[in-house]
Amino acid sequence: MDDDVILVTGAAKGIGLATVKQLAPHVSQVVLNVHHAIEADEWTALTAEFSNVTQLVGDVSDESIAAELVATVIDQFGRLDGLVNNAGITKDQLLTRMSTTDFTTVLQTNLVGTFNMTKFALKIMQKQRRGAIVNVASVVGLHGNLGQANYAASKAGIIGLTKTTALEGARRQIRCNAIAPGMITTDMTAQLNERVTDAALASIPLQRFGTPAEVAQAIEFLLYQPYLTGQVLTVDGGMTI
Ligand code: NAI
């Protein structure tokens with residue numbers, strides 16, 4: 001673990017940034033993929049706390065950029081031991097009113113982005129005969145959700161992709177698992193109105209939203225538990241019991 005290089009996508013904030021902070025004390029290098037460069041002040045604060053973080057700007061939904069991101073990690077650090085596919089977006093609307101563009105944009109970022117990064121990282125990991133991938137899905141990918149046909153389809157797709165990656169990676173000891181968070185306090189859930197938030201809270205047995213740090217702990221567990229592969233771990237305060 002001490003020598004490991006881990007790449008976390010969509011790591012500028014929320015669950016991605018919490019995952020960086022969870023991993024940085026335990027590994028050699030954490031590479032943050034960010035869609036747009038992190039604000040200078042925030043980056044100064046992060047690098048003051050952790051000397052072993054680097055940021056790489058790039059859109060994971062673009063195949064050639066995804067290839068470049070993985071190639072840059074290898075050029076700079078010589079290895080890639082872990083990939084956390086966290087980048088994700090929502091564009092909520094009831095299905096009958098959802099534009100095809102909003103459907104495909106969410107699929108392109110969440111599902112195709114995860115596929116792109118997995119494809120290039122897996123090639124490296126297979127050569128190394130070492131590596132682990134954690135995909136950030138959602139409980140919505142297991143159960144669906146009103147107004148989230150695009151998002152639910154993308155997250156259900158990530159679960160299928162996870163299981164297939166686990167099967168194809170296993171011969172070279174590469175593991176792949178997914179995490180399915182419930183309601184977590186990030187900018188993504190801050191967009192929701194009070195009615196939706198209250199209804200969500202009422203459905204959570206632990207009676208609160210989770211924190212990004214709590215999801216990050218579970219992501220680290222999935223990265224390093226050596227006999228776990230092809231699984232989906234829900235981190236949802238009991239929402240899906
Ligand atoms: P967030 O909105 O705070 O973070 C999402 C990150 O992904 C941002 O840094 C954004 O710049 C990045 N991103 C978006 N498109 C990208 C692209 N094409 N290339 C590179 N980076 C890109 O949201 P949050 O909540 O931290 O979400 C992280 C992951 O967790 C997402 O996959 C989301 O679907 C998932 N999730 C979140 C839940 C929640 O309640 N907040 C629940 C279940 C899953």
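Helices are DSSP runs of H or I with at least four residues, numbered from the N terminus, and their axes are lines fitted to C-alpha atoms over the stretch in contact, with angles running from 0 to 180 degrees between N-to-C directions.

**View 1. The crossing of α1 and α9.** The axes of α1 and helix α9 (residues 212–224) come within 8 Å and cross at roughly 60°. The two helices are therefore oblique to each other, a word used for angles that are not under 35 degrees (roughly parallel), over 145 (roughly antiparallel) or 65 to 115 (roughly perpendicular). The crossing of α1 and α9 is right-handed, meaning that the near helix is turned clockwise from the far one, by less than a right angle.

This is a predicted model, in which local features need pLDDT of at least 70 and side-chain atom pairs count only at pLDDT 80 or more, whereas totals for chains, interfaces and linings use all residues. Residues are numbered from 1 along each chain as its sequence is written, and side-chain values use heavy atoms, with hydrogens and water left out.

**View 2. Polar atoms facing the ligand.** A polar side-chain atom of aspartate 59 lies 2.7 Å from a nitrogen atom of the ligand, while a polar side-chain atom of lysine 13 lies 3.3 Å from a ligand oxygen atom. At isoleucine 184 a polar backbone atom is 2.8 Å from an oxygen atom of the ligand. The protein covers 93% of the 830 Å² of accessible area (Shrake-Rupley method, 1.4 Å probe) that the ligand has on its own.

**View 3. The shell around the ligand.** Of the 27 residues around the ligand (a heavy atom within 4 Å), Asp59, Asn86, Tyr151, Ile184 and Thr186 come nearest.

Methods: A polar contact is a pair of N or O atoms within 3.5 Å; within protein, one must be able to donate a hydrogen and the other to accept it, and residues adjacent in sequence count only if both atoms are side-chain atoms.
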